[in-house]
Amino acid sequence: MTTVVVCAGGPRGELCSLEPYKERKDVLFIGADRGALYLLEQGITPHAIVGDFDSLSQVEFKRVMEHTNDTQRFHEEKNETDTDLALLKAFTFSPTDIVLTGVTGGRLDHYEAAVRSIYRLQLEHPQVMLKIINHANLLQFLVPGTHTILADQQYRYLSFFAHEEPIENVTLRHVKYETTNEQISLGTSRFTSNEIIGASGSISFSRGICLMIRSID
């Protein structure tokens, strides 16, 4: 079991807490552009760094280069974002989970690009769990089937949204607002701010892609 944490260069205040990951031996860290500097500032030596590094000063870039032997530097003019390149690097470590942070806040185009990348990669690699996490939210895509959702006091609220097409036969169990074989239509906010009752809840559905967001109060 290997978790890869990809830290991008969004605002520092938007990063998730990296402390729980620092204590685990099964976690690898990748810095995307300025995200590599953020890792070093928290006492984490990146296993790899990726990007064009246009957001770093010469002094910062030199510091980053001194702390890893696995560096991929690209020209600024490229088809992929630095985050995309870091995510592709993450898959080379055969992970079971990928956590992406540092992509919320700041530029909305970077956030939207990250969400689309996570969506595409989740469909291409259903055996890997991909998440975007910031200081107050956890976002991930769910494919048709049954999903158990463990209770977590850090993320009290639970919301579901249809992505690209309606979600069919939605059944929610062990949550405050349960449903049976209902539809999450595009544009609805009805499935926002649910809560797990007990140790775990579940969602099952037969068609569509579900965007699940867990949030701190």
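**A walk through the model**

Let me start with Leu15, which sits in the loop between strand 1 (3-7) and helix 1 (19-22). Keep in mind throughout that this is a predicted model. Is Leu15 buried or exposed? The cut-off for buried is under 20% relative accessible area. Leu15 has 9% relative accessibility, so it counts as buried. Leaving out residues up to four places away in sequence, Leu15 touches Cys7, Ala8, Tyr38, Gln42, Thr101, Gly102, Asn134 and His135. Take Tyr38 from that list. Leu15 and Tyr38 are 23 residues apart in sequence, and their C-alpha atoms are 9.2 Å apart in space.

Another loop residue is Asp33, found between strand 2 (27-32) and helix 2 (35-41). Its phi is near 55 degrees, which is a positive value in a residue other than glycine. Asp33 counts as buried, at 6% relative accessibility.

Glu164 also has a positive phi without being glycine, here near 80 degrees. Glu164 lies in strand 9, residues 157-173. With a relative accessible area of 56%, Glu164 is exposed.

Now the helices. Two packed helices are described by the angle between their axes and the distance between the axes. For helix 4 (residues 82-91) and helix 5 (residues 108-124), the angle is about 25 degrees and the axes are 11 Å apart. Angles under 35 degrees count as roughly parallel, and helix 4 and helix 5 are therefore roughly parallel to each other. The crossing of helix 4 past helix 5 is right-handed.

Which residues make the contact? From helix 4 there are Asp84, Leu87 and Phe91, and from helix 5 there are Ser117, Ile118, Arg120 and Leu121. Sorted by class, this contact of helix 4 with helix 5 has 4 nonpolar, 1 polar and 2 charged residues.

How many of the 10 residues of helix 4 are buried? The count is 9, so helix 4 is largely enclosed by the rest of the structure.

At 35% relative accessibility, Glu112 counts as partly exposed. From Glu112 to Ser189 is 77 residues in sequence and 19 Å in space, C-alpha to C-alpha.

I will finish with two residues in strands. His147 is in strand 8, residues 145-150. Its relative accessible area is 18%, so His147 is buried. The side chain of His147 reaches the backbone oxygen of Val143, at 2.6 Å. Setting aside neighbours within four places in sequence, His147 is in contact with Leu142, Gly201, Ser202, Ile203 and Phe205.

The other is Ser215, in strand 13, residues 207-215. Ser215 is buried, with a relative accessible area of 17%. What joins the side chains of Ser215 and Asn137? They are joined by a polar contact of 2.8 Å. Not counting residues up to four places away in sequence, Ser215 touches Ala136, Asn137, Gln154, Tyr155, Arg156 and Tyr157.

That is the end of my list.

Conventions: Residues are numbered from 1 along each chain as its sequence is written. This is a predicted model: local features need pLDDT of at least 70, side-chain atom pairs count only at pLDDT 80 or more; totals for chains, interfaces and linings use all residues. Side-chain values use heavy atoms; hydrogens and water are left out. Axes are lines fitted to C-alpha atoms, for helices over the stretch in contact, and angles run from 0 to 180 degrees between N-to-C directions. Helices (H or I, at least four residues) and strands (E, at least two) are DSSP runs, numbered from the N terminus. Angles under 35 degrees count as roughly parallel, over 145 as roughly antiparallel, 65 to 115 as roughly perpendicular and the rest as oblique. A crossing is left-handed if the near helix is turned anticlockwise from the far one by less than a right angle, and right-handed if clockwise. Contact means heavy atoms within 4.5 Å. Ala, Val, Leu, Ile, Met, Phe, Trp, Tyr, Cys and Pro count as nonpolar, Asp, Glu, Lys and Arg as charged, and the others, Gly among them, as polar. Buried means under 20% relative accessible area, exposed over 50%, partly exposed in between (1.4 Å probe, protein chains only). A polar contact is a pair of N or O atoms within 3.5 Å; within protein, one must be able to donate a hydrogen and the other to accept it, and residues adjacent in sequence count only if both atoms are side-chain atoms.
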